[in-house]
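Here are my notes on the ligand site and the cavities. Please read them with the structure open.

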Amino acid sequence: MQTATTCDFIDEGEIQSVLAKAQDGDKSHVRQVLAKARQLEGLSETDVASLLAIDDADLREQLYAAAQYVKQEIYGSRLVLFAPLYISNLCRNECVYCAFRVGNRQVKRRALNQEQIAAETRILLAQGHKRLLLVAGESYPPEGFDYVLHAIDSIYAARHNGANIRRVNVNVAPLNVEQFAQLKARKIGTYQIFQETYHRPTYAKVHVSGQKRDYDWRIMAPHRAMEAGIDDVGIGVLLGLHDWRFETLAMMRHIAALERDRGVGPHTVSVPRMEPAVGSELAARPAHPASDEQFKMLVAILRLAVPYTGIIMSTRENAAMRRATFALGVSQISAGSRTNPGGYSELGSECDESQFQLGDHRSLDEVVADVASLGYVPSFCTGCYRMGRTGRDFMDLAKPGLIKHHCGPNALSSFQEYLNDYATPPTRQLGQALIDRIMASSEPSEGKISSRLVGRVRCGERDVFV
Ligand code: SAM
Ligand code: SF4
């Protein structure tokens, strides 16, 4: 496998022309695309462009209905939960939208030491989390990149009443292949990196100084991660920097390039909308904000275009938007988040050190209760990754019918574990009733596996999965 160094798949002129042609699309063509999407095999670039051009309330409702259908067929009612763990806000880059940018004097700088990282992890364990996303700015204490490697060790080693974190995903600056191999050896789950914007002139404008100015080094990071053997990578765009339609098509090209060059696309995509950040004028007034309706369209279109790729929704969005997008295709959400290093232990003051403002301030238990009351199963499952079902193996398995025999039952057993060990009494009652209802209505083979796994957890076993 060759290290790819420059990006050959984002041609701005071509993307603009595909978008412009789709403007003339007729309604019957859009309906054909939606019918094709219901076959769960994804969509071409021109199909996606015609959905992006929808400007009609009735067609938009049909788009949402198709996305709900695909989401239900593939993911059922599961929603995976995780929490971010910010270990450091040191950074040498000047990304104008981010509070951690090097020139921002309004943010107090802090890199947690390993004991503080373990302490933060124990707090998240005590809440019931099993999956963490490690996040850091692009500058490390004197030990350099080893700091991140030690942090992963500290998180995995932390214990609370015998419980431990079962999957650490990582969102740090682009690495070289050797460093990615070190991350892989630390047994990370997903390596996640957002291109922020695929539009080169905008990219150059908002990344004023530092290593992050190098567009190609960043966009090829998922390729390098896969070359180093990390099967699950996550990509994304920061909405607000450039036109959302352009970014969506460009992201489709990034996905296609990974499939072409590495045999499998990304495990997840993220679509963070820019939030206000201390010391950033741009973050307060994004140049190209995506409206709520456009944001919902984007989630729905992604669900149809790449049906087997997870879509992540963070607590940047408020509770109402998060609820609306669960049905349209979101498969993973963060909960109870803090975006300042030491935020869970309440070291320092949040507003001085946070990366951006949150839209959803509820605790994990409140989010779990809300998700369950909507009929979704909050899942803490880490089974696939620990059974080696990653990368292409995961994609092959993630076909309706096959995944059902793993993910559905595993979601229920991990939820049962949460209810027994961490939930408040009202949440436990609500969740218990949901699990019973879902097991009773599952198809017989799936129901049998679920009741075996859930039964074992109810009898006191932990970390039960197939
Ligand atoms: N420093 C690394 C980097 O930039 O890739 C990784 C961590 S960075 C803290 C994680 C992500 O936060 C960035 O990729 C960016 O998309 C997002 N972010 C930065 N400023 C934001 C803002 N004002 N609102 C929402 N998300 C923001
Ligand atoms: Fe640093 Fe990442 Fe923030 Fe840019 S987005 S300033 S690289 S932490």
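1. A polar contact is a pair of N or O atoms within 3.5 Å; within protein, one must be able to donate a hydrogen and the other to accept it, and residues adjacent in sequence count only if both atoms are side-chain atoms. A backbone N or O atom of Tyr97 lies 3.0 Å from a nitrogen atom of ligand 1. For Ala136, a polar backbone atom is 3.1 Å from a nitrogen atom of the ligand. Glu196 uses its side chain: a polar atom there lies 2.6 Å from an oxygen atom of ligand 1.

2. This is a predicted model; local features need pLDDT of at least 70, side-chain atom pairs count only at pLDDT 80 or more, and totals for chains, interfaces and linings use all residues. Side-chain values use heavy atoms, without hydrogens and water, residues are numbered from 1 along each chain as its sequence is written, and chains are lettered from A and ligands numbered from 1 in the order written.

3. Which residues come nearest to ligand 1? They are Glu196, Lys212, Arg218, Glu275 and Gln355, of 21 around it (a heavy atom within 4 Å). The shell divides into 11 nonpolar, 3 polar and 7 charged residues (nonpolar: Ala, Val, Leu, Ile, Met, Phe, Trp, Tyr, Cys and Pro; charged: Asp, Glu, Lys and Arg; polar: the others, Gly among them).

4. Ligand 1 sits in the largest cavity (more than half of its atoms lie within 2 Å of the grid points). A cavity is a set of points, on a 1 Å grid over the protein atoms alone, where a 1.4 Å probe fits but cannot get out; lining residues have an atom within 4 Å of a point. The lining divides into 25 nonpolar, 11 polar and 9 charged residues.

Terms used: 1 Å grid on protein atoms, 1.4 Å probe; cavity = no way out; pocket = protein on both sides within 12 Å on 5 of 7 lines; lining within 4 Å.
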